[in-house]
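Please look over the sequence and the structure shown here before reading on. The briefing that follows takes up the ligand, a pocket and a cavity in turn.

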Amino acid sequence: MKEIKALKGTKDIFGDEMRKWLDIEEIIRNLCDDFGFNQIRTPIFEFTKLFKRSVGETTDIVNKEMYSFVDKGENDITLKPESTAPVVRAYLEHGMHAEAQPIKLYYISPTFRYEKPQAGRQRQFHQFGIEMFGTDSPTADAEVIAVADTLLKRLGIKKVELHINSLGGPECRKKYNETLKAFLYTKKEHLCELCKERMDKNPLRVLDCKNEKCQSELIGAPTVLDTLGEGCKAHFEQLQQLLTAMGISFIIDPSIVRGLDYYTKTVFEFISNDIGAQGTVCGGGRYDKLVEEIGGKPTSAVGFGAGMERLLLVRDAENKEAVKEARRDIFIGYRGEEAMVQAFKFINNLRQLGISAESDHLQRSIKAQMKYANKMNARFSAIIGESELEEQALQVKNMDTGEAATIPFTQLVQVIQNLLSEVQ
Ligand code: ATP
Ligand code: MG
């Protein structure tokens, strides 16, 4: 039988790579705690119509990237291609709109999109994201951006730029769509087929086209910022004022329109130049119409999604030594059957106290056991043989300094605890 391999665009995470994931996940949990966001876990699949209705029928995601299937009960189901819509669904389904607002949630979730796999682009990837419901105050936009900014700072990532823009509310959008459409008509022959199609249905999507030829035609296009009404303009200005006060630098960039339909007012991206073409590590914005679209009362909201794989790539590029190597506290080797029982008794006692202890499971020679202890990067090591059993004492060696001391069996646990508190 031919060997079965993992699907294209998916990855196993293990070993050193896994430690980087656990480290970043811990940083994210602490970060969200500091900013008052609570974790939510929604199912891996949802009814397809949830995404069609929220993400938008003319977006790349719904058009060509969703993993959709019909299950045995003939339900149309889709593996989540993003998590905002599921979180909104949960917010409504559990009556969170009736609690004190704002509701602040975060997730770290597998995400599925049928795309062409390349560096920083997979078919199953992971997103860390946050959502803040129940306020349209620019302070919420600023707080959401501050979460991403603080995360990047805590990860030691410096070479990332924050680009912000405002798409305005429905009124400004309508006005802008007309202006933009008029401009696009003057370029019609030069745009790709898809853009020609999008022009009428959703002209904003044209600005997001990945085709270079289209992008060059778009130079000089009217920007949404020119058509913002008073209210939206003031909102955008207040956001800028808050960001400046928080020490978060930004670039106003009218080309940021985001790939999803549900955004209103603020949109933003954190972009790195360090990881090649897939440089957007985090994208988000305000989506004041989405909750209503999914069946709730009008509720303002703002959030972002950040690609975990891309965060890890940027962190690696800038800060290679960020995650320390794995260490075990102590390895206790043995020679002979009686010593083996003693060794396993000791390591079990140590483990009960939260000390990471190991021994040998392969009947290795003493020399090979010490080599193994080195390989696992043990802080301390000890060997139990006949003479140790006789004297009821063993030699504990500090593997970093080479220092050694003889310790009675009865004091071993206590002494190891003390030694560890000194070296850690
Ligand atoms: P892109 O323009 O790179 O396709 P997007 O606009 O589709 O990104 P979003 O839907 O905003 O991306 O998702 C938020 C973040 O998730 C992105 O900024 C990126 O870091 C990450 N991301 C999106 N698609 C993928 C993917 N296929 N593989 C890995 N990470 C991804
Ligand atoms: Mg995409």
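In this predicted model, a polar backbone atom of Val 281 lies 3.3 Å from an oxygen atom of ligand 1, where a polar contact is a pair of N or O atoms within 3.5 Å; within protein, one must be able to donate a hydrogen and the other to accept it, and residues adjacent in sequence count only if both atoms are side-chain atoms. Taken alone, ligand 1 exposes 580 Å², of which the protein buries 91% (accessible areas come from the Shrake-Rupley method with a 1.4 Å probe, and for residues only the protein chains shown count as cover).

Because the model is predicted, local features need pLDDT of at least 70 and side-chain atom pairs count only at pLDDT 80 or more, while totals for chains, interfaces and linings use all residues. Residues are numbered from 1 along each chain as its sequence is written, chains are lettered from A and ligands numbered from 1 in the order in which they are written, and side-chain values use heavy atoms, with hydrogens and water left out.

**Around ligand 1**

- The shell holds 16 residues, of which Arg 113, Glu 115, Arg 121, Gln 122 and Arg 258 come nearest (a residue is near a molecule or strand if one of its heavy atoms lies within 4 Å of it).
- A polar side-chain atom of Arg 113 is 2.8 Å from an oxygen atom of ligand 1, and an N or O atom in the side chain of Arg 258 is 2.4 Å from an oxygen atom of the ligand.
- Strand 10 gives the most to this shell, with three residues (helices, H or I with at least four residues, and strands, E with at least two, are DSSP runs numbered from the N terminus).

**The second largest pocket**

- On a 1 Å grid over the protein atoms alone, a pocket is an open set of points with protein on both sides within 12 Å along at least five of seven lines, a cavity is a set where a 1.4 Å probe fits but cannot get out, and lining residues have an atom within 4 Å of a point.
- Grid points are joined across faces, edges and corners, and a volume is the space filled by probe spheres set on the points.
- Helix 6 supplies the largest share of the lining, six residues.

**The cavity**

- The structure holds one cavity of 30 Å³ or more, and the largest cavity has about 50 Å³ of space.
- Its lining includes Lys 20, Leu 312 and Arg 315, and helix 12 (residues 308-318) gives the largest share, three residues.
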